[in-house]
Amino acid sequence: MLKVDGVTKYYDDFKAVDNLTFDVKKGEIFGLLGVNGAGKTTTFRMIMNLISPSKGKITWNGKKIDYDITDKIGFLTEERSLLTKLTVKEQMLFYGALKSLDEQTILKRLDKLLKRFEIEEYKERKINTLSKGNQQKVQFISAIINEPELLILDEPFSGLDPINIELFKSVILELKEKGTSIIFSSHRMDHVELFCEKLVILVKGKSVLEGYLKDIKKDYKIKKVIIEGNVKINELKKIDGVTNVIKTASFYEVTIKDESYYKNVFNYLKTKDNITKFSLQEPSLEEIFVSKVGEAYGK
């Protein structure tokens, strides 16, 4: 298990990470979220032991992270970190050696992974001749060539089309099933919702929301009612507890203060004909994210 315990990081007088605590268990996918500059990259670098915390400690299975443990960690960075003048094979031999793997093991795993990512024909191709999407596949392979126990994924779907996003999703879930602990970071909240059981939202290096996603959604008060049928916006807006009404191409989206006002909308609709849909919609992670970040910035 990865444990980040009361970690703070200063760069001179600037506090990049502020008293951050979380853990990631075996076979768990954990979301580390925040806007640009929130402290995510600094946190990743501390976990990788590339930089040291100013306060607090980070451990893997109770031990301080050193070079032996970083050999068990995979890291897919948001920025491209490939040596583009090398071939795919040369790149993997280089990365694998950095993770203390012998050449035979690297090549055996590489052949298996190239097949899994459907790019077997690119083994001897230089990386700078590949498309952006195929370079992302190579970068992902480089992050898991060591069969990591802990995998950090920072914007893993960058540059991918929908077909390859599905491929990446299936590989990530396979890794989870095999027991890999995964830290997942993305600005696409729908992707985070798909994978993450627990999460932390950072603002200016400090956690403003943390916990299990199902509990966070349950505790979040603002709800939405979806209505299909003949209604009038001005009448909906007058209902006690309704804070906003949006008309889309096929339905009305009614925002209420909390679930207790649901019956007010229902009672109104009972007086109307041709109502074909009426449902309470739980908040999306994107709505929660925008709300919590906005609160933290005083908006």
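Analyst: A charge sits over a ring if NZ of Lys or CZ of Arg is within 6 Å of the ring centre and within 35 degrees of the ring normal. In this structure the charged end of K9 sits over the ring of Y11, 5.5 Å from its centre. K214 lies over the face of Y212, at 5.6 Å from the ring centre.

User: What kind of model is this, and how are its residues numbered?

Analyst: This is a predicted model, in which local features need pLDDT of at least 70 and side-chain atom pairs count only at pLDDT 80 or more, while totals for chains, interfaces and linings use all residues. Residues are numbered from 1 along each chain as its sequence is written, and side-chain values use heavy atoms, with hydrogens and water left out.

User: In what order do the strands of the six-stranded sheet stand?

Analyst: Helices (H or I, at least four residues) and strands (E, at least two) are DSSP runs numbered from the N terminus, and two strands pair if DSSP finds at least two bridges between them. Here six strands make an open sheet with mixed pairing, in the order β6-β7-β8-β3-β9-β10. β6 (73-76) and β10 (206-212) are at the edges with a single partner strand each, so one side of each has no neighbour in the sheet. Direction ignored, neighbouring strands of this sheet are turned by 15 degrees against each other on average; axes are lines fitted to C-alpha atoms, for helices over the stretch in contact, and angles run from 0 to 180 degrees between N-to-C directions.

User: How many bridges join β9 and β10?

Analyst: β9 (residues 198-203) pairs with β10 in the antiparallel sense over six bridges. K198 stands opposite Y212 in β10.

User: Which helix lies across β3, β7 and β8?

Analyst: Contact means heavy atoms within 4.5 Å. Helix α6 (residues 162-177) lies across β3 (29-34), β7 (150-154) and β8 (181-185), and runs at about 145 degrees to β8.

User: What is the order of the four-stranded sheet?

Analyst: This open sheet has the order β12-β13-β11-β14, and its pairing is antiparallel. β12 (242-247) and β14 are at the edges, each with a single partner strand, so one side of each lacks a neighbour in the sheet. On average, neighbouring strands here are turned by 20 degrees against each other, direction ignored. β11 and strand β13 (residues 252-256) run antiparallel and are joined by five bridges, with I227 opposite Y252 in β13. Helix α10 packs on the sheet, touching β11, β12, β13 and β14, and its direction makes about 175 degrees with that of β14.

User: How many salt bridges are there?

Analyst: Side chains of opposite charge can pair when their charged atoms come close. A salt bridge is counted for a side-chain nitrogen of Lys or Arg within 4 Å of a carboxyl oxygen of Asp or Glu, and the count comes to 17. One of them joins K206 and D18, whose closest N and O atoms are 3.9 Å apart. K206 lies in β10 and D18 in strand β2 (residues 14-24), so the pair ties together parts 188 residues apart in sequence.

User: Is D18 buried or exposed?

Analyst: Buried means under 20% relative accessible area, exposed over 50% and partly exposed in between (1.4 Å probe, protein chains only). D18, at 17%, counts as buried, whereas K206, at 41%, is partly exposed.

User: Which residue forms a salt bridge with E287?

Analyst: The partner is K224, with the closest N and O atoms 2.3 Å apart. This pair links distant parts of the chain, E287 in helix α11 (residues 285-296) and K224 in strand β11 (residues 223-228), 63 residues apart. E287 is partly exposed at 26%, and K224 is buried at 15%. Elsewhere, salt bridges that share partners join D23, K25, E28 and K198 into one network.

User: How many aromatic pairs does the structure hold?

Analyst: Rings of Phe, Tyr and Trp (its six-membered ring) pair if their centres lie within 6.5 Å; planes under 30 degrees apart count as stacked, over 60 as edge-to-face and the rest as tilted. The structure holds 12 such pairs. Among them, F117 and F140 form a tilted pair, 5.4 Å centre to centre with 45 degrees between the planes. F117 lies in the loop between α4 and α5 and F140 in helix α5, so the pair ties together parts 23 residues apart in sequence. F117 is buried at 0%, and F140 counts as buried at 0%. Y262 and F278 form a stacked pair, 5.1 Å centre to centre with 15 degrees between the planes.

User: Which residues do ring pairs link into a cluster?

Analyst: The cluster consists of F117, F140, F157, F168, F184 and F195.
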